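Thanks for coming. I will take a few minutes to walk through one structure, and you can follow along on the screen.

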Amino acid sequence: MEKSSATNTKYFINSAIAVALMVCFRFIPPFGAMTPLGMELLGIFLGLLYAWITVDMIWPSIVGLVLIGFSGYVETGGVAAVLTSVVSNPVLQMLIWLFAFSAIIEITGLGAQLAKRLIGSKLCKGRPWLLSVFIFVAAALVAALGNGIAAILLCWSFVYSISKQAGYTKADKWPRMMVVAVLIAVVAGVASMPFQAGVIGPFAYLYAASGDAINSFNSFQYMVFGILYLVLLTAVFFLLLRVVFRPDMSRLATVDNQMDVEPFTTEQKVALAAFVGLILVVVLPSVLPAGNPLKAVLDQIGLAGLTLLLIAVVTFLRNKEGRALVTFKQLADAGIPWPAIFMIGTAIYTGTALASAGTGFTDTLLGLFSPMLAGTGATMFCVIIVLVTLILTNIIANAPVTAIMIPVMYPFVAAMGVNPILATVLVIVVSNAGVLLPSASPNAAILYGNSEWVSAKDVWTFGGVGVASIGLVALLLIPIGGLIFV
């Protein structure tokens, strides 16, 4: 009872601080090039960030949008105009349908089928390190298809089963190492595909920060970068695990890794075909030449419309009993995370407002940090972005990190001649590496909750190597990324 009371007290104190920032910050005298409107919007933005990190994502977003509706930023329409703008944002609509679409992997069990086939490969038999790599790749694959939580639980179950066969307990190094490795695979997988919400959302922040000077990114280029990132990360991470920790793998050499794999069901075949279709509609507009009739049609429909069409096809199909293979309600219930939708929609709108003419926000940032960054080249600036993001994302939740980093970094990216797409990609990749503290991400909270197999020391030991590997690979990919994102 006392613990619940203390939790409530902390919740209400943090809520009061967040609202106070939103309401009272405007009374602070403007600094730098900030205008009164800029101070008002900055206070709302800071209050939102504080609330998202400490209390909730939905009600603070609503309060923030209402306050913007009463600010000088909205000339006509007030709160109604703000809400209409947020709801009609094409990026937010696209995210909602992509979230719903991605639930098909969980509902049909497609992820489990693919992972079982990968881990049960004959190539892994008698090859402990290859088996470990395949578990890692399976987790990354399922996460890349859209369900990180399912990837964690599924691949952990494989680790437990294999450990039982080998006679491993939580006192042994391999199962503890692999439980953490699955988390590293998941956070890498969700950052590797261009149709992931964790990719599209941050790009929306870039569009807002640039005043729509940048309003798209090349999905094919991102996919190439994402695949290179996963391949290089797998190599670097497992090389470090092998050199630094040297776990006893001898008992794995005799483990039977064969899985009881049933044939793909009709639902799973449809889900697989739908995901192939999604990849095609995401990538084709980026690779087809200008003037191509198919490109023109795809561009006119847009990714949100194409995703909805795929959902329509999937929900239209029926099984032999005359029932829907998958219903839209199943997809929406399992797939759409409303807290994230509220946060992303509010962050996009607030970021656009803060970066708009008349706030002084951009000029203030330039005046504040330019002396510190004087003489810094483009490569070193990218290194700074990676390191700062890596630190922040392991302290506070992943989603607010991108909402902070992208609006702050954009003025310098533009001023220093750094490729803004590459800089945003680096933030996306690294901001998903929050695993060292329970507060860093929902995935990290799940990891800390698995006290039966790992301790906080294990998270910091094996997870620290994983986070360092992600940072190192991001830095190694800076010159390659400069060639990809041209």
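I will go through ring pairs, a pair of helices and one methionine.

This is a predicted model, where local features need pLDDT of at least 70, side-chain atom pairs count only at pLDDT 80 or more, and totals for chains, interfaces and linings use all residues. Residues are numbered from 1 along each chain as its sequence is written, and side-chain values use heavy atoms, with hydrogens and water left out.

Rings first. The structure holds 16 aromatic pairs. Rings of Phe, Tyr and Trp (its six-membered ring) pair if their centres lie within 6.5 Å; planes under 30 degrees apart count as stacked, over 60 as edge-to-face and the rest as tilted. Tryptophan 129 is in helix 8 (residues 128–144) and phenylalanine 238 in helix 12 (residues 219–244), so the pair ties together parts 109 residues apart in sequence. Helices here are DSSP runs (H or I, at least four residues), numbered from the N terminus.

Are these two residues buried or exposed? Tryptophan 129, at 16% relative accessibility, counts as buried, and phenylalanine 238, at 6%, counts as buried too. Buried means under 20% relative accessible area, exposed over 50%, and partly exposed in between, with a 1.4 Å probe and protein chains only. Ring pairs also link Trp129, Phe136, Phe237 and Phe238 into a cluster.

Next, the helix pair. The axes of helix 3 (residues 58–69) and helix 4 (residues 78–87) come within 7 Å and cross at roughly 125°. Axes are lines fitted to C-alpha atoms, for helices over the stretch in contact, and angles run from 0 to 180 degrees between N-to-C directions. Residues making the contact include Leu65 and Ile68 of helix 3 and Val79 and Leu83 of helix 4; contact means heavy atoms within 4.5 Å.

Last, methionine 193. Where is methionine 193 placed? The loop between helix 10 (173–189) and helix 11 (197–209) holds methionine 193. Methionine 193 is buried, with a relative accessible area of 11%. Leaving aside residues up to four places away in sequence, methionine 193 touches Ala144, Val199, Tyr222, Met223 and Ile227.

That is all from me.

Terms used
Helix = DSSP H or I, 4+ residues; strand = E, 2+ residues; numbered from the N terminus.
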